[in-house]
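Student: Hey, I'm new to this one. Can you walk me through it?

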Amino acid sequence: MEIEQRREGDILVAKILNDRLDARGADDFRKAMSGFVSDGNRRIILDISAVDFVDSSGLGALVSALKLMGGDGDILICGAPDPVMRMFKLTRMNKVFRIFEEQQDAVRALSVE
Amino acid sequence: MEHKEIKLVIDSELKNVSLVGRTINGLVSMVSPCDISPHDIELCVVEAVNNCVEHAYGKQRGHEVEVRFALGQDRLVVDVCDTGKPMDQRHLAEADVAMLEIDHDDIDGLAEQGRGLPIIKEIMDAVIYQSKGGKNCLSLTKFFGSGEKTRRCTGGQDGD
């Protein structure tokens with residue numbers, strides 16, 4: 001699992017560079033997100049614009065990452081391609097995560113909080 | 001042609017699942033009517049193959065997962081088969097679309113797994129599991145919409 005990181009103030013913008021977030025990469029993703037949280041990141045934007053497929057294991061890893069925050073912080077998602085957005089809606093994850101089309105919109109949303 | 005069938009066989013490793021998924025997506029894109037989403041069928045097949053690798057074979061390599069893709073006059077059928085530990089039939093019976101409903105105010109209560117079968121049942125029209133003679137098969141069926149019998153997405157031409 002390759003994740004590109006950059007900062008916008010105290011916001012961590014993490015972009016998944018792989019095209020699939022699935023059972024094969026779910027454990028690596030979970031570990032990476034766990035590392036971000038244990039490093040003290042509490043405001044994370046996950047850019048999934050390069051991801052064209054997410055399965056239930058990938059979703060589980062996303063949920064796991066959100067739980068790691070323990071209510072103290074937030075993970076926003078941006079750039080979900082149509083098939084991935086469809087998966088989020090199918091599993092109601094669009095009600096759990098705030099999802100933005102553009103990365104800058106997500107940054108703006110977190111910046112004003 | 002009345003019936004088309006293709007069989008894919010992979011070794012039981014998660015790294016091979018995307019190969020099957022992409023192939024099924026491509027097949028559906030090429031030969032199925034427009035009202036069937038290639039991504040949806042790929043998702044169901046990936047979930048089913050993941051279950052074979054993770055549960056039937058306990059993530060052990062060296063076993064076969066067989067995926068048969070068949071296209072009939074009014075339906076698409078994908079059978080996903082293994083020769084590992086059979087699934088408890090109750091898992092499929094109890095997998096309900098309602099399991100996808102969530103309480104978004106209860107983050108700690110959100111499940112991290114167990115969505116595969118509910119997703120499959122939500123998308124497919126019929127899901128049947130059979131275990132016979134040491135072979136376990138999950139059969140996924142999607143019917144075509146009315147009036148869409150032979151219309152293809154590429155150019156809207158009649159099929160063969």
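Tutor: Let's chat about the contact between the chains, then a couple of loop residues. This is a predicted model, where local features need pLDDT of at least 70, side-chain atom pairs count only at pLDDT 80 or more, and totals for chains, interfaces and linings use all residues. Residues are numbered from 1 along each chain as its sequence is written, while chains are lettered from A and ligands numbered from 1 in the order in which they are written.

Student: Okay, how many residues does the contact take from chain B and from chain A?

Tutor: Chain B gives 23 residues and chain A gives 22 residues; two residues are in contact if their C-beta atoms, placed from the backbone, lie within 7 Å.

Student: And which helix of chain B brings the largest share of its side?

Tutor: That's helix 2 of chain B, with 6 residues. Helix 1 (17–31), helix 2 (38–56) and helix 4 (116–123) of chain B each supply at least two residues to that side. Helices here are DSSP runs of H or I, at least four residues, and strands are runs of E, at least two, numbered from the N terminus.

Student: New topic: where is B:K59 found?

Tutor: B:K59 sits in the loop between helix 2 and strand 2 (64–71) of chain B. B:K59 has a positive phi of about 65°, although it is not a glycine.

Student: Is B:K59 buried or exposed?

Tutor: B:K59 is exposed, because it has 11 other C-beta atoms within 10 Å. The cut-offs are 20 or more such atoms for buried, 12 or fewer for exposed, and partly exposed in between, with C-beta atoms placed from the backbone.
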